[in-house]
Structure formats: structure tokens, C-alpha cells
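Colleague: I am new to this structure, and I would like to go through the terms slowly. Could you show me the structure, so that I can ask what lies behind each description?

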Amino acid sequence: MTLPRPVAASCILVALALGPRAVAEPAASRAPDTNAPAVSPAPDTNADAPEVVQARKLFLQGVDLVKAAQWAGALAAFEKSEAIKPHATTTFNIAACERAMGRYTRARLHLASALSRNRDNPGELAPSLEQEAEGLMHQIDGILARVDIQLDPRSAAISVDGSPLHAVQRAKGTVYVAGIEKPGRGRVLGPAKFRAELDPGAHVITLSRKGYTDAVVNRVFAPGSTTALPLVLARLPATLDISSNVRGALVTVNHRDLGPVPVTVRRLAGTYRVVVSKEGYEPYEAQVLVHAGEHSNLRARLVEEKIPITKRWWFWTGAAVVVAGGAAATYALTRPAPSPPPYDGGTTGWVVKPTGYRF
Amino acid sequence: MRRAFLLASAVVIGCGGRTASARDQWSVVLATDAPVPQFGDRLLVEILDSNGDTACPGCRREFGVPSTWPASFGIVPPPDARRLHVRVRLYRSAATGDDGLPTGDELIDARGQLPAPHGDTAVYLPLMMRCFGVASAAGTSCDPATGEVDSEKELSAPALPLPEPGSWAPAATRDCASAVTDGMVCIPGGAFLLGTPHSFLNGTESAPTPEHVVQLSPFAMDVDEMTVGDYRQLVSSGQIEAPQAHGTTDTTQFCTWLGANDATNDAMPVNCVTWTEAKAACASLGKRLPTEAEWEFTAGNREQETTYPWGNDGSDPCKETVVARDAPNLGGPYFCLPETGNVVGPQAGGVDADATGLGVRNLGGNLDEWVADRFSPYTAPCWTASGILVNPRCDVSTPTADLAALDVSVRGSSWRSTEAPAAAAARNAAGPALVTPRTGFRCAVSMTGGNSP
């Protein structure tokens with residue numbers, strides 16, 4: 001699709017308003033486009049007030065700059081003029097300059113603003129100019145790129161070209177427009193699905209949310225196109241390193257057997273119950289809170305179990321000597337079969353015993 | 001302790017000299033040819049019943065990758081003589097889901113049925129790279145001899161010699177057979193996983209998922225992005241045309257090319273050149289643009305597969321690379337400006353920290369870079385041939401509705417973007433005629449290579 005040629009004349013020919021004195025100057029500004037609408041500005045009852053004089057001066061500066069096709073300069077002059085004395089015609093001129101510079105979303109916003117102001121202040125826009133404003137809005141609607149964005153998570157902050165999106169209420173609902181807001185951090189919009197409007201061309205869409213990886217999308221959108229753009233941020237996991245002072249101690253995290261220390265696991269941010277245990281030691285238990293992207297170290301210090309006298313080695317050894325002496329004679333007569341060797345856990349030391357399980 | 005008692009008793013009792021015979025058990029032996037931890041840093045071992053369910057509450061355990069191979073563990077036969085199955089997955093902790101269990105197919109998944117036990121019955125379950133990425137279901141398993149899914153087999157005793165980790169032939173390091181030219185560095189050939197299991201752009205065409213096993217021959221890569229001085233020399237000698245773009249507008253004011261006779265920016269990386277111009281410049285030097293796979297292999301430090309060219313830490317990108325240095329009124333990110341003296345735009349020489357272990361500089365940022373491939377999502381036919389992709393280069397763009405005009409791949413981040421595209425695996429697309437101060441290039445050249453000792 002070919003973009004329409006910027007309409008310089010519209011900007012020039014509306015250089016008429018801002019009070020009775022401005023009315024005397026339209027002829028000089030009309031030459032480039034005889035098809036452009038004429039303007040009949042409403043008389044200003046305070047035409048000689050200093051601020052009006054200044055606004056008019058800036059306005060005419062803008063007109064001169066337009067004649068030289070210096071759109072950025074003209075825009076600045078019209079904006080200053082409007083800041084001093086708002087007027088629907090000035091707003092229209094701003095829109096025309098923005099449009100000439102290819103900033104269609106801004107142009108559309110200013111056209112809508114000019115029409116709105118004209119409704120509140122009837123006569124600020126001549127009927128022909130009002131009609132042109134509506135026609136330009138329709139034309140811009142055919143140029144803008146529409147992007148149906150689906151965000152996951154919906155709480156991600158989004159920016160386009162380094163600026164947050166600007167919410168605009170339309171008849172069919174809220175539309176988020178790029179290129180309006182000043183540069184700044186992305187903003188959380190709320191809905192998970194929404195439509196964004198962008199100028200056609202290349203854009204950088206940035207997403208961020210704490211606990212998730214940032215995302216940057218470079219895309220070119222064609223004029224008048226509608227694009228579906230799902231944007232799903234990946235969660236940042238947390239890393240948990242678990243070690244112990246006792247070699248071979250077994251680790252479970254939320255009751256899942258993770259084998260002997262040291263253990264490194266990646267999990268989502270949250271709280272986990274960690275148990276490190278080994279026979280002969282008091283189990284180490286902890287609730288561990290890990291944040292997204294965090295690398296957390298947990299060293300489980302195991303303490304030997306307190307052994308009652310019946311569990312002291314010398315007690316049983318002594319007892320064994322006494323008992324064994326008595327048992328020896330009996331044993332010599334009965335000679336029971338020796339105990340089988342222990343099961344072999346191999347290099348991992350793990351012996352699985354699928355016993356006692358019922359279907 | 002009772003053990004002492006038992007021990008003392010055993011000493012006495014054992015005087016009889018009789019020896020107990022071994023009880024029935026299985027000793028499961030695991031061996032792999034996979035480079036570890038590159039292709040797997042964890043093991044998930046499960047003992048399953050014939051329904052594919054875990055046979056007991058303690059029948060599943062995760063291990064860190066063993067430090068010694070072969071690894072082994074024991075299984076005691078159940079009293080009810082059920083037939084049991086063993087399933088072992090060698091996977092990467094980076095490729096796990098929210099629950100910490102492995103996700104996707106980019107792992108080795110081995111299964112086998114346990115035979116009837118007779119004494120200490122040793123059985124062997126191989127974890128072979130031939131089966132990497134081959135998904136199987138209950139009752140089936142990847143045959144390590146063919147790499148194809150077949151019916152699950154009964155496990156048998158290990159046959160020596162067992163494979164050793166890293167013995168998978170495609171992963172062998174292949175050095176450049178000859179010296180590389182000045183300004184280039186040899187990137188020895190090897191194998192790696194193109195892409196990343198967790199994309200920062202899941203669900204979009206430019207997401208670097210799913211991963212693909214890639215084998216590369218040795219090649220040489222330019223240490224630096226091509227400079228204006230280099231480019232000017234080629235233009236002056238009539239080998240190539242001067243680039244068309246000049247820095248006059250909002251979007252081109254950071255173009256570094258100032259004209260064939262202007263040496264002001266000679267040390268700056270050249271930008272605002274089209275893909276075609278970049279290819280021509282490399283060709284005039286007897287080189288070519290690097291492929292996506294070569295670029296990523298280099299940026300990820302080969303088999304180390306680091307997140308960024310400088311390592312895995314992306315917490316301080318403003319110091320690590322040239323990113324987020326746009327002018328505040330131009331629409332790109334500029335959060336690094338306060339930390340870097342408010343210097344806007346690309347930088348001559350970039351940042352020292354943005355270098356790979358082999359010394360290739362500024363792959364992360366400064367300018368993003370044209371590569372040789374046409375852009376296709378990793379789900380497109382270019383990337384989905386069965387088996388290993390050997391020296392892949394995608395010459396066919398697979399346009400989608402969203403990327404119709406963006407049919408050339410671009411790698412790396414730039415002064416006009418954030419650190420996210422600086423990740424080695426991140427990829428982007430652009431139109432081949434795009435002229436932007438964000439994008440430059442470097443060249444590569446194929447090398448012949450011998451095998452490592």
C-alpha cells in the first residue's frame with residue numbers, strides 16, 4: 001500500500017484564524033492548493049490582548065515555516081501558539097504538520113481534538129475545514145497499522161518505541177495508541193488482549209515484568225495492516241544449591257527425592273520445603289523462599305543423633321561378648337544359615353525397594 | 001548401637017566359615033556417549049510398573065549428572081514378582097518446567113524392561129546421543145542402535161566397552177587445519193544445541209525454539225564488526241559501491257559512513273548498510289557472512305552454550321555491552337546512558353567486556369548484525385530435517401503474515417535495543433533492504449579442519 005503524499009496545503013490554508021487580524025492574511029497563504037477548504041474563523045473579542053498577539057505571531061511563523069516545508073519548525077510554532085491560546089484551527093494545523101511528518105497516530109489524535117473543540121466552541125473550524133478534518137481522519141484510519149496484542153502475563157509493562165501506550169476511548173472500546181506519550185518506562189495496561197494502533201513502519205515493542213525475562217520485538221507493520229501478536233514472557237526460575245557437611249546426605253524438595261548432596265535445582269520462585277537427611281543424623285528441615293532469578297545457597301548442617309546408652313557401641317559390644325559366649329556353644333550345634341550380603345546400590349548408592357506397594 | 005552388636009555377633013557366628021549367597025537384585029548400569037553437562041546435567045530415574053506408573057513411592061529419583069561413569073544403582077525385586085521397567089532421562093536443568101521436571105523432547109529418554117532376576121543381575125541401559133530428541137511412549141523406546149522408536153526391549157547385561165561421556169563423534173572438537181588471517185579467529189568445529197529451551201519470546205515466529213542439534217565444521221570469524229575504515233578501503237579500491245545512506249534524518253543521523261573520502265569515523269563500526277551490501281563487502285574479501293548457527297555457536301562460547309557472549313550474567317548489561325544508548329527522543333531504550341557518560345550511538349571498539357572466550361568482540365551489542373540465512377521460524381522446514389543439522393544455512397524464507405517483509409535473519413543487540421537480544425540464541429528478522437544505524441555486520445570464512453587428538 002502506498003502512503004498518501006503529505007498534504008502541505010491543508011496546513012498552510014488553515015493559517016487564517018486566531019482573531020480578526022488573521023482574517024486579513026489568508027490570501028498570502030492559499031496559493032499551493034486551490035482545492036483546500038477555506039476558513040471562516042470566528043471573531044475574537046479580545047484580539048489585541050498581548051497573549052493573542054503573541055499566539056498570532058507564532059501562528060504566522062508556523063505558516064511561513066510550512067511554506068518552506070519545515071514541518072518540525074512549523075509544528076513547534078503551532079504548538080507554542082496553542083499553548084498560549086488554544087484554537088481548533090491551530091489544533092488542526094498541528095494535526096496537518098504531524099501528518100506531513102508521517103506521525104499518523106498523533107495527527108489523528110489532534111484531528112479528533114480539533115473536532116471536539118469545535119463542538120464545544122462552534123465556529124472555530126469552518127464547515128469546510130471540519131469536513132476536511134473528518135476526511136483526513138478517515139484517510140488516516142486506512143493508513144494506521146493495527147496490532148491485536150495478547151499479553152501473557154497481562155501484568156507485563158509494555159512500551160512501543162520507548163514510550164508507553166496512550167489509551168483512547170472509541171465507540172468500539174479502548175484502543176492503545178503508540179507515538180503519543182513522552183518517552184518513558186512501559187506501562188501495565190490491564191487487559192490481556194487489546195488493540196494497539198501504530199504508525200506503519202518499524203517499531204520496537206518492549207515488555208517487562210519482575211520475575212520474567214524482558215522481551216524486545218522488532219517488527220515492521222505495513223500500512224493498513226492488522227496483525228495478531230501474541231507476546232508471552234518466560235518466567236525467570238530461581239536456582240537452589242543445596243549442600244551439606246555430611247557426604248551422601250539425601251535431599252528432598254517438596255517431598256521429591258533429589259538424590260545425594262550437592263544438589264542444584266531450578267524452580268519457580270516460591271517457598272519450598274527442603275529436607276536433608278542421613279541415617280545416624282538428625283534430619284535438617286527448612287522452608288526456603290526463593291525469588292525469581294535468584295541463586296540461593298543452602299548448606300544443611302547435619303548433627304549426629306544423640307545416642308542413648310542402649311545405642312552406644314560399647315554397650316552392645318559388651319553385651320555381644322557376653323551373649324556371644326553363651327550363644328557360641330548353641331550356635332556350634334545349630335549353625336544357622338548366614339545372613340545374605342547387603343544389596344548393592346552401585347555408584348549412586350541408591351537401592352530401590354519396590355516393596356509393600358499395593359495396586 | 002545395634003550394628004555393633006550385630007557385628008560382634010557376626011564375628012563369632014562367622015567363625016563357622018560359611019558364605020551367604022547373593023540375594024536377587026538388579027544392578028542397573030547407565031552409560032552415555034553424550035557430552036555432559038552440555039547435553040544433559042541431570043538424570044531422572046524411574047522404576048515403573050507395566051502400566052507406566054511409578055512402581056513405588058520411592059521409585060523415582062533425580063540426580064545431578066554423575067561425576068563418574070558408568071553410573072549404577074540397585075533394585076530389589078518386589079515380593080509379588082511383578083515385571084518392572086526402568087526409565088532414565090538425561091536432561092538439562094535449563095529445560096525443565098515449572099515443576100522442575102524435564103520438558104520438551106530435547107533430551108535422551110531410555111526405557112527397558114527388567115529380566116527375571118537371578119542373583120545379582122547386571123543390566124545395561126545406554127543413554128546414547130543417537131536417541132537425543134527422540135520421544136517415546138510407554139511400551140516403546142528409542143533403539144540406541146538406530147535412533148528410531150521401537151518396542152521396548154528387555155534389558156541385558158552390559159557389553160564392554162561401554163561408551164564414555166563426550167565420545168559422540170559429531171561433538172569432537174575439530175580445529176582449523178591452517179592459520180586464519182589477521183583480524184579473524186578460528187572457531188573449532190563441534191556440536192551444540194541451536195536455540196534455547198526457554199525463549200524470551202515464546203509463541204512468536206522469532207522465538208529461538210524449539211532447539212535443534214547442529215554440527216559445525218571449523219570456521220574463522222572476524223574478531224570485530226566491520227569498521228568504516230575497512231569499508232572505505234574496499235570502496236576506494238573499487239571493489240564495492242559506497243553505501244547509499246547518509247546521516248541526515250532522525251533515523252540516519254547515527255549512520256557512521258560519512259563518505260568515501262572522510263576518515264573521521266574510520267574506527268567506528270559501519271552501519272546503515274543493506275544485507276546485499278554487507279554480503280558484497282564480505283565477498284570482496286573472499287569471505288562471507290556467518291550463518292546463524294555459526295554466529296550463535298561463537299556467541300555462546302561453543303559447547304559451553306553461555307547465555308551471552310561474555311558469560312551467563314546479564315544483570316549489568318550497561319557494563320557488559322553497548323545497549324540501550326539511544327537518544328532519549330528517538331524512541332529506543334536509553335537506560336544505559338546515565339551509566340555510560342550519556343554517550344549516544346554505536347561506539348568505536350564497543351566495550352571490552354563484550355567478548356567471547358576466543359576473543360570475538362561485540363557480538364552482544366554495539367550493532368546487531370546481518371547473517372547469511374534467510375529468516376524462517378525454527379519450526380519451518382529449513383530447521384526440521386530429521387537427525388543432526390550439519391552446517392545449516394537457511395536459504396528459503398518462510399514468510400508469515402507477521403513477517404512477510406522480514407526475510408533475513410539478524411543476530412545480536414545494538415545501542416538501540418535492550419540486553420534481551422544480546423543473548424546468543426536470540427534471533428530477529430529484517431527486510432534485506434533495511435538501512436538502519438542499528439545494524440552492521442562481520443564476516444566469516446569456512447576452514448578445513450582435522451579431528452582433535
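Modeller: Let me begin with a term that we shall need at once: two strands pair if DSSP finds at least two bridges between them. Please keep in mind throughout that this is a predicted model.

Colleague: What makes E10(B) and strand E13 (residues 219-222) of chain B a pair?

Modeller: The requirement is at least two bridges, and E10(B) and E13(B) are joined over four bridges in the antiparallel sense, so by that rule they pair. Within this pairing, B:Met184 stands opposite B:Asp222 in E13(B).

Colleague: Why are strand E10 (184-187) and strand E19 (444-446) of chain B said to stand at the edges?

Modeller: The sheet is open and has three strands in the order E10-E13-E19 (chain B), with antiparallel pairing. E10 and E19 of chain B each have a single partner strand, and therefore one side of each has no neighbour in the sheet. From one strand to the next, the twist averages 25°. Helix H4 (residues 292-299) of chain B lies across E10, E13 and E19 of chain B, and runs at about 75° to E13(B).

Colleague: Which strands of chain A pair with strand E1 (residues 145-152), and in which sense?

Modeller: With strand E7 (residues 193-198) of chain A, E1(A) pairs in the antiparallel sense over six bridges, while with strand E10 (residues 226-232) of chain A the pairing is parallel, over seven bridges. A:Gln150 illustrates both pairings, for its bridge partner in E7(A) is A:Lys193, and in E10(A) A:Gln150 stands opposite A:Pro230.

Colleague: Why are H6(A) and H7(A) called roughly antiparallel?

Modeller: The axes of helix H6 (residues 88-100) and helix H7 (residues 104-120) of chain A come within 8 Å and cross at roughly 165°. Angles over 145 degrees count as roughly antiparallel, and therefore H6(A) and H7(A) are described in that way. The crossing in which H6(A) passes H7(A) is left-handed, and the residues of this contact divide into eight nonpolar, four polar and four charged. Among them, A:Phe92 and A:Ile94 belong to H6(A), and A:His110 and A:Leu111 to H7(A).

Colleague: How do you know that B:His212 counts as buried?

Modeller: Buried means under 20% relative accessible area, and B:His212 has 11% relative accessibility, so B:His212 counts as buried. The residue lies in strand E12 (residues 212-216) of chain B. Leaving aside residues up to four places away in sequence, B:His212 touches several others, including B:Phe192, B:Tyr378 and B:Trp383. In chain B as a whole, buried residues make up 57% of the 453 residues.

Note on methods. Residues are numbered from 1 along each chain as its sequence is written. Chains are lettered from A and ligands numbered from 1 in the order in which they are written. This is a predicted model: local features need pLDDT of at least 70, side-chain atom pairs count only at pLDDT 80 or more; totals for chains, interfaces and linings use all residues. Side-chain values use heavy atoms; hydrogens and water are left out. Axes are lines fitted to C-alpha atoms, for helices over the stretch in contact, and angles run from 0 to 180 degrees between N-to-C directions. Helices (H or I, at least four residues) and strands (E, at least two) are DSSP runs, numbered from the N terminus. Angles under 35 degrees count as roughly parallel, over 145 as roughly antiparallel, 65 to 115 as roughly perpendicular and the rest as oblique. A crossing is left-handed if the near helix is turned anticlockwise from the far one by less than a right angle, and right-handed if clockwise. Contact means heavy atoms within 4.5 Å. Ala, Val, Leu, Ile, Met, Phe, Trp, Tyr, Cys and Pro count as nonpolar, Asp, Glu, Lys and Arg as charged, and the others, Gly among them, as polar. Buried means under 20% relative accessible area, exposed over 50%, partly exposed in between (1.4 Å probe, protein chains only).
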